[in-house]
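Hi,

Here is the structure I promised to pass on. Have a look at it first, and then read my notes below.

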Amino acid sequence: MSGRIPEEKIEAIRRSTDIVDVISDYVQLKKQGRNFFGLCPFHGESTPSFSVAPDKQIYHCFGCGAGGNAFSFLMEIEGYNFVEAVQSLGQKSGIDLPEVQENQSGSAKTNSENDTIYKAHDFLTKLYNHCMVKTPEGEQARAYLNERGFTKEMIEKFQLGFAPDSWDYATSYLEKRNYPLAKVADAGLLAKREFDGKYFDRFRNRIMFPIWDPKGRPVAFGGRIIGDGEPKYLNSPETKLFQKGKFLYGFHLTRSAIRLKDQAILLEGYVDVITAYGNGVQNVVASLGTALTKDQAKLLRRQTESVVICYDSDKAGTNAATRAADELMEAGCYVRIAKMPGGLDPDDYIRTYGAERFEKDVIGAASTVMAFKMEVFRSGKNLSDEGERIRYIEEVLKEISRLPNAVERDHYLRQLAEEFSLSLDALKQQVSQFFKEGKKSKDNAPPKRDNNARKNFYVKKKLLPAFQNAERILLAYMMRDLEVAEKVQEEVGGSFNIDEHSAIAAYLYSFYANGHEADVSQFMEQLTDPNLVKIASELAMMDLNNDVSDKELHDYIRQVLNYPEWIKIEEREKEKKEAEMKQDFVQAAKIAMEILEMKKNLKNSF
Ligand SMILES: [Zn+2]
């Protein structure tokens, strides 16, 4: 399974990696007792059943059964193969690995192609940044950013750059460095002239905003024209490495602040993020020039439950904010919407009034989504006009009918009833009418999640037959204790009654035989079958006493070994009943004697 990476290297990387750190990059974890819990990234859920055990360096989801160690986590969440997972963690922990040749030529080719594109983005990020900061061509861009309040630190942190007004600035540098221009053009960094097939710079006379994937690798650019020109923004096209609906701008820099504050501020554009971050409001992200997608909502939800949307106050911003709110609530977030005063956008506001006032007066004063929508419906309507008033009330009632929480529904209904002196019962009736209509029209939509449900964390315990439990407990102890494993090997060997248990036992025997010490996370690497990994991670998470007495072990072993005998006895019991039905009492008595004998043997055998 380990490909060509030497075993010692893999071990070194595993030892210097903390699975809690690795998983925290993707899931917001909270400590509960010895373990950490969070929402499973592999299946949709609103109550955390995904657990990480730092002492064992493994994870397991009690909801969907996913489980494994840090390597398997990256394989599952990033789609890496084992070698890529090892390389990625090696990089993180600063352990150098020899160049690895993949055996499947297909994936090797894709990897090196991806690699070229990553490198080209990285190279151009540095090149454009250099041009902006250090060269006379960058003067105009520096002045432009300076005037808009961008500090040196912001430019550095977000690696802002300048693509000069030239057809071959980037092209010639890339050519000199032997980049395959066709590939680089495919990734949207260059363009191709129809008439002679020559490549030229796609980004010209633009401030360049690198866009990173969640791991902090630049994978695209947004380019804003300096001065007049079209289009105002030119962005990289979508590629295999860059799907803008899946990334959030700034996320790789701000993720830890979001987790720390347990709150994310969702802004509209790059500039808002840079200004906020540069002024000390660091728990910010922006969607990438599109309406917030489901994937982006989920990405945020894994970091925090609480999101404040802070978009521009114009009509487009208001509409986008309510749509984003719906998407985030669907993903299980608790959402509020901040209103920008006086037509300012967040960037203007922070530069004018400072970050402190932004946090206190704008973010702190954010309203619930419902209150925000009510204000939007109200704006531009003359509520003393009966027709407009009725239209307003209907819009609000429709919105109320979509609220998942009964207390909230009641709150706004009462508010509405009071404000317009209406009968509460009539409003309730109307809401339930809207609810039914809404349900009909979106029966296929996923159910809204109840945020409160996640507080009542509860793991269902499966009821298993005794022998199966015994096998599981034995394996769990064997994974933790070499001596137990040796004893079981001697007495049970391969005689587990469930195939998967037999397989895990066999792996354990050979794991210890190869001189390893008990180490659940390391053991999991030996398991090639993902199904076995799942079972092993579940067993490893079992709550067991530290020490198991010989008596207990003996009982479990007996249950495992006796199980086939018990099956036989059960069959004989059936035969005895059949004989009695046929009134063949001689035969029945004979079988009864045999059964007695079998049971006696079971007892004597221990
Ligand atoms: Zn799960």
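Let me start with a pair of strands: β9 (residues 206-212) and β10 run antiparallel and are joined by seven bridges. Before you go further, keep in mind that this is a predicted model.

Within that pair, F209 has G222 of β10 as its bridge partner. The two strands form a hairpin with five residues between them, and G216 there takes a positive phi near 85 degrees. How many of the residues in β10 are buried? Eight of eight, so the strand, which spans residues 218-225, is mostly covered. As a general point, side chains in a regular strand alternate between the two faces of the sheet.

On to the next strand along. β10 is also joined to β11 (residues 233-235), again antiparallel, by three bridges. Here G223 stands opposite L234 in β11. The loop between β10 and β11 deserves a look, as it holds P231 and K232. The peptide bond that joins E230 and P231 is cis, with omega at about -15 degrees. Is K232 buried or exposed, or something in between? K232 is partly exposed, because its relative accessible area is 47%, which falls between the 20% and 50% cut-offs. Not counting residues up to four places away in sequence, K232 touches R206, G223, R224 and I225. For a sense of scale, the C-alpha atoms of K232 and E471 are separated by 66 Å, and the two residues are 239 apart along the chain.

Now the bigger picture. The protein is divided into domain 1 (7-92), domain 2 (105-235), domain 3 (251-374), domain 4 (381-442) and domain 5 (465-606). The centres of domain 2 and domain 4, taken over C-alpha atoms, are 51 Å apart.

What sits between domain 2 and domain 3? The largest nonpolar core has 67 residues, and those touching the most other members are L124, Y128, F158, L160, Y249, C310 and F358. Helix α5 (residues 105-134) provides the largest share of this core, nine residues. Both domain 2 (105-235) and domain 3 (251-374) give residues to the core, so it lies between them.

One is "zinc finger region: CHC2-type", which the record places at residues 40-64. In the model, that span is 0% helix and 32% strand, and its end C-alpha atoms lie 8 Å apart. The other is "domain: Toprim", listed by UniProt for residues 262-341. That stretch is 41% helix and 20% strand, with 25 Å between its end C-alpha atoms.

Five strands make up an open sheet, with antiparallel pairing, in the order β1-β2-β3-β4-β5. Its edge strands are β1 (30-32) and β5 (67-68), each of which pairs on one side only. Inside it, β3 (residues 50-53) and β4 (residues 58-61) pair antiparallel over four bridges, and V52 stands opposite Y59 in β4.

Last, a few loop residues. S166 lies between β6 (161-163) and α8 (169-176). S166 counts as buried because its relative accessible area is 17%, which is under 20%. A polar atom of the S166 side chain lies 3.0 Å from the backbone nitrogen of Y169. Setting aside neighbours within four places in sequence, S166 is in contact with D201 and R204.

N178, in the loop between α8 and α9 (181-186), has a positive phi of about 65 degrees although it is not a glycine. N178 is exposed, at 68% relative accessibility. D262 also has a positive phi, near 55 degrees, and is a residue other than glycine. You will find D262 in the loop between α10 (251-261) and β12 (264-267), where it counts as partly exposed at 28% relative accessibility.

Cheers

Definitions and conventions. Residues numbered from 1 in each chain as written. Predicted model: local features only at pLDDT ≥ 70, side-chain atom pairs only at ≥ 80, totals over all residues. Heavy atoms only, no water. UniProt positions renumbered as here; feature names shortened; annotations may be inferred. Domains from an automatic or database assignment. Buried < 20%, exposed > 50% of the residue type's maximum accessible area, 1.4 Å probe, protein only. Polar contact = N/O pair within 3.5 Å; in protein donor to acceptor, adjacent residues only side chain to side chain. Contact = heavy atoms within 4.5 Å. Pairing = 2+ DSSP bridges. Core = buried A, V, L, I, M, F, W, Y, C linked by side-chain atoms within 4.5 Å.
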